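Please keep the sequence and structure in view while reading.

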Amino acid sequence: MHFDTAPTLNLLLRGGTVGVLLLIAAALWRDRRVAVAARFGTAFAIGVAASTLAAMPGFAAVPDLWHAAIVALAAGCMFVFWLFTRALLDDDFKPRAWQLAVWAGLAGVGALNCLVIAPQHPVAPAMGLFMGLMPVAWALLAIAQSVATWREDLVEGRRQLRSLIVGATAIYTVAQLLAALISGLDLKAVVESPLNAAGTAGLTLFVAWRMLQLRTGDLFAPLTAAPETMPTAAPAPAPDARQLATLNRLITTEHVYREPSLTIAALAARMGLPEHRLRKLINQSLGHRNFNAFLNAHRIDDAKRALRDTALADVPVLTIAMDAGFQSLGPFNRAFKAATGLTPSEYRRGLPPPKVAGTLARSSRASLTQTLDV
């Protein structure tokens with residue numbers, strides 16, 4: 001008598017994967033739930049757990065509320081992954097209402113597919129194609145997000161994470177589509193296969209292993225530091241005084257941040273340093289986690305002085321923004337309000353800033369000077 005072990009193996013792999021994912025979600029929520037990226041990481045881990053269950057053969061064919069809830073979470077999983085990558089790689093990321101609406105729409109389509117649309121329904125093939133292609137689309141967006149902002153990231157551990165984990169997860173999702181095309185199977189059969197279960201289990205263990213290796217500060221921005229003390233929260237043990245002096249001269253005397261197209265590669269070349277050394281200098285000695293945020297802090301400092309200068313009262317805000325190094329008014333307005341709590345026009349009129357407003361630009365310049373004085 002021949003006993004087929006594939007279904008049992010499939011079930012065991014998926015059950016173990018769900019257990020590990022729920023442990024990751026619980027750990028993230030317990031330790032870092034205040035951080036936006038940790039919240040999305042928790043939601044993504046739960047979503048992958050739901051996807052692992054929903055991909056079991058025949059699971060989505062059971063039209064009850066319990067199964068529909070699992071399928072709904074699975075349907076929005078890769079959209080949450082895209083949001084997770086954005087929050088993880090951008091410390092200033094804030095979710096918007098339309099993003100919640102998109103997730104709710106995807107989850108609703110998944111639940112509808114489970115509760116209402118039977119496999120024999122005329123729209124079932126189109127719905128199946130939509131449900132299969134949506135995760136691929138969000139995975140491709142996550143890859144694009146990771147590549148677009150990779151060079152500006154100053155946190156070495158996070159740079160490695162985006163390359164290894166974000167890339168691996170996104171590429172794995174695309175690989176499922178390619179496997180279906182090459183093998184001639186439909187995407188549903190590929191997703192439900194024991195091989196897919198093994199791949200999901202291996203990727204989950206890999207993510208858990210990498211997260212255990214990284215310091216918490218590499219993944220998430222500090223939560224307890226006030227804006228005025230944040231840049232000095234992670235000082236380097238022994239910063240190179242000459243390198244800091246050179247950086248200080250370029251910033252405070254030559255005002256290189258006023259160059260709109262300045263890149264970390266160009267600044268490193270002026271200092272005669274490899275890029276990774278300059279990243280380490282700015283991150284570990286000054287506490288900045290993103291190169292563009294480091295430049296914008298000094299640009300906003302410039303703009304604040306110009307806006308309060310009575311001799312420049314007739315100069316348009318756009319001109320001040322462009323002179324400070326911004327390329328357009330929209331990003332300048334957003335960055336200025338995030339740093340001061342006021343719009344540029346309000347700041348120019350002398351309105352008092354809100355008590356919770358940050359002073360990132362002033363503290364950035366002060367931290368550079370204080371580090372040199374140590």
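pLDDT is the predictor's confidence in each residue, from 0 to 100. The model is predicted. Its mean pLDDT is 78, and 73% of residues reach 70 or more.

**Confidence**
- Over residues 224-237, pLDDT stays under 50. The model has 24 contacts beyond four places in sequence for this stretch.
- Residues 356-363 also stay under 50 in pLDDT. For them the model has 22 contacts beyond four places in sequence.
- Among the elements, helix α18 (residues 360-373) has the lowest mean pLDDT, at 49. Helix α15 (residues 317-324) has the highest, at 94.

**Nonpolar cores**
- The largest nonpolar core holds 24 residues. Phe 40 and Phe 44 touch the most other members.
- Helices α1 (6-32), α2 (36-54), α4 (77-89) and α6 (124-148) each supply at least two residues of this core. The most come from α4, with 11 residues.
- Leaving aside residues up to four places away in sequence, Phe 44 touches Cys 77, Met 78, Val 80, Phe 81, Phe 84 and Thr 169.
- A second, separate core has 20 residues. Among them are Leu 250, Val 256, Leu 267 and Leu 281.

**Asp 301**
- Asp 301 lies in helix α14 (residues 291-308).
- Is Asp 301 buried or exposed? Asp 301 is buried, because its relative accessible area is 11% and the cut-off for buried is under 20%.
- The Asp 301 side chain makes a polar contact with the side chain of Arg 305, at 3.2 Å.

Note on methods
Residues are numbered from 1 along each chain as its sequence is written. This is a predicted model: local features need pLDDT of at least 70, side-chain atom pairs count only at pLDDT 80 or more; totals for chains, interfaces and linings use all residues. Side-chain values use heavy atoms; hydrogens and water are left out. A nonpolar core is a set of buried Ala, Val, Leu, Ile, Met, Phe, Trp, Tyr and Cys residues joined through side-chain atoms within 4.5 Å. Buried means under 20% relative accessible area, exposed over 50%, partly exposed in between (1.4 Å probe, protein chains only). Helices (H or I, at least four residues) and strands (E, at least two) are DSSP runs, numbered from the N terminus. Contact means heavy atoms within 4.5 Å. A polar contact is a pair of N or O atoms within 3.5 Å; within protein, one must be able to donate a hydrogen and the other to accept it, and residues adjacent in sequence count only if both atoms are side-chain atoms.
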